Structure formats: C-alpha cells, structure tokens
Amino acid sequence: MNSLLSWVIDTLNASPINSFIMDNAVVFPTLEMAHFLGLSLLFGSLLVVDLRMVGFAKAVPIKQVDVFLRWALIGFAINVISGLLFVVGDADRYLVNIAFWAKMGCIILAGLNTLYFVIRVKPQMATMPMSARALNTPAQLDKNAQVVAWISLFLWTSVIILGRFIPYVETP
C-alpha cells in the first residue's frame, strides 16, 4: 500500500469522528439507515425520471420531472454525507477496497451523465410545447435523452451492486 494512502487511513482512524462512529453502538447502524433512505430517494426518483425519458411511465407528466429531480438531489446529499462518514469511520475497509473504488468511479460517471442531462436534455424538456409537457402528447425528446436515461439506470444500478459488494470483497 502506498504511503499516502497509509497516511490518509491512519489520519482518519485517529480522528475523533472515527472514534465517535466506531465506538458508539448506534451510530453506524443509523448511518446505514440514512444511506439506505438516501439511496431510496435517489434511485426511486431517478427511476421515474429515466423510465419516463425512455418512454415508459407515460402517466407521469414531463413537467413533473423537476419535482423528482429535487428528491433525487436530497437523496444524493444524504448519501454523500453518510458515505463520507462511513469512510471516516472505517477507512481500513473502504479505502483499500476495489469495489468501493469501482463504485466511486460509477458515481463520477453518473455525475458526468447528469451534467450532460442538465446542459443538453433538460433545456429541451423546458422548450417542449406546454400541451406535450402537461398532457403527455407524442412530442418526443431526441434519442440523446433516451441514451442519457439508459446510462443513468445502468450506472446507478451498478453503484447499488458495487455498494453491496464492499463488505464481501477482500483487499486487492
């Protein structure tokens, strides 16, 4: 293991936050519940948005996407906070785990995909005719919107799967 990573792990392990998380019987399980709640908000909201963009869930008006995106952001914020606390609390497990780093890579790719969505697809949704947004008429988003949605579904599903692998994957 390289010396920088060892130093980071040692520093985190010596921190008072680490002691609070690892020495208190209710903190880690509470963080797990918060992480699951955040994941449910994030993935559930994105599932509705992404399925709507690929043509499923047509009963959901396009104009309601903003509401779901707000909930997704709240879920993501909960996951960032609880996830950082997981890492501080158990740096020995996370920072040397290949599944953790693969998960972080998928989150970065999902963030880039979201950035593309915000810059290119969301403005297109805002310029759709009001009748198409409100009444689900056949006005279609371009194929890029569907590709972005499928990539989002793949990446966030991968994040969930890789997150579940973390406790079971040994240090490389």
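Author: Start with the pockets. In the second largest pocket, H6 gives the largest share of the lining, eight residues. Keep in mind that this is a predicted model.

Reader: What volume does the second largest pocket have?

Author: About 400 Å³. Its lining counts 21 residues. Those nearest the centre are Leu46, Leu69, Ala72, Leu73 and Thr114.

Reader: And which elements give two or more residues to that lining?

Author: H3, H4, H6 and H8.

Reader: How does the lining of the second largest pocket divide by class?

Author: 15 residues are nonpolar, four are polar and two are charged.

Reader: OK, now the largest pocket. How much space lies in it?

Author: About 770 Å³. There, 26 residues form the lining. His35, Gly83, Phe86, Lys103 and Gly163 are the closest to the centre.

Reader: Which elements give two or more residues to the lining of the largest pocket?

Author: Five helices do: H3 (27-54), H4 (65-89), H5 (91-94), H6 (98-126) and H8 (143-165). The largest share comes from H4, with seven residues.

Reader: Let's step back. How many helices and strands are there?

Author: Eight helices and zero strands. From the N terminus on, the order reads α-α-α-α-α-α-α-α.

Reader: What does the C-alpha trace span?

Author: About 60 × 30 × 25 Å along the principal axes. The protein has 172 residues, and 35% of them count as buried.

Reader: What about contacts between residues at least 6 apart in sequence?

Author: Of those, 78% join residues at least 24 apart.

Reader: Switching to single residues. Where is Ser82?

Author: In helix H4.

Reader: Is Ser82 buried or exposed, and why?

Author: Ser82 is classed as buried because its relative accessible area is 3%, and the cut-off for buried is under 20%.

Reader: What does Ser82 touch?

Author: Leu31, Ala34 and His35, leaving out residues up to four places away in sequence. The side chain of Ser82 also has a polar atom 2.9 Å from the backbone oxygen of Ile78.

Reader: And how far is Ser82 from Val8?

Author: Their C-alpha atoms are separated by 19 Å. Along the chain, Ser82 and Val8 are 74 residues apart.

Reader: Next, Ser152. Which helix?

Author: H8. Ser152 is buried too, with a relative accessible area of 7%.

Reader: Which residues is Ser152 in contact with?

Author: Leu46, Asp50 and Asn113, once neighbours within four places in sequence are set aside.

Reader: Last topic, charges. How many salt bridges does the structure hold?

Author: One. Arg93 pairs with Asp90 in that salt bridge.

Reader: How far apart are the closest N and O atoms?

Author: 3.6 Å. Side chains of opposite charge can pair when their charged atoms come close.

Reader: Are those two partners buried or exposed?

Author: Asp90 is buried, at 15% relative accessible area. Arg93 is partly exposed, at 35%.

Reader: Why isn't Arg93 called buried?

Author: Because buried means under 20%, and Arg93 has a relative accessible area of 35%.

Reader: Good, that covers my list.

Conventions
Residues are numbered from 1 along each chain as its sequence is written. This is a predicted model: local features need pLDDT of at least 70, side-chain atom pairs count only at pLDDT 80 or more; totals for chains, interfaces and linings use all residues. Side-chain values use heavy atoms; hydrogens and water are left out. On a 1 Å grid over the protein atoms alone, a cavity is a set of points where a 1.4 Å probe fits but cannot get out, and a pocket is an open set with protein on both sides within 12 Å along at least five of seven lines; lining residues have an atom within 4 Å of a point. Grid points are joined across faces, edges and corners, and a volume is the space filled by probe spheres set on the points. Helices (H or I, at least four residues) and strands (E, at least two) are DSSP runs, numbered from the N terminus. Ala, Val, Leu, Ile, Met, Phe, Trp, Tyr, Cys and Pro count as nonpolar, Asp, Glu, Lys and Arg as charged, and the others, Gly among them, as polar. Buried means under 20% relative accessible area, exposed over 50%, partly exposed in between (1.4 Å probe, protein chains only). Contact means heavy atoms within 4.5 Å. A salt bridge is a side-chain nitrogen of Lys or Arg within 4 Å of a carboxyl oxygen of Asp or Glu. A polar contact is a pair of N or O atoms within 3.5 Å; within protein, one must be able to donate a hydrogen and the other to accept it, and residues adjacent in sequence count only if both atoms are side-chain atoms.
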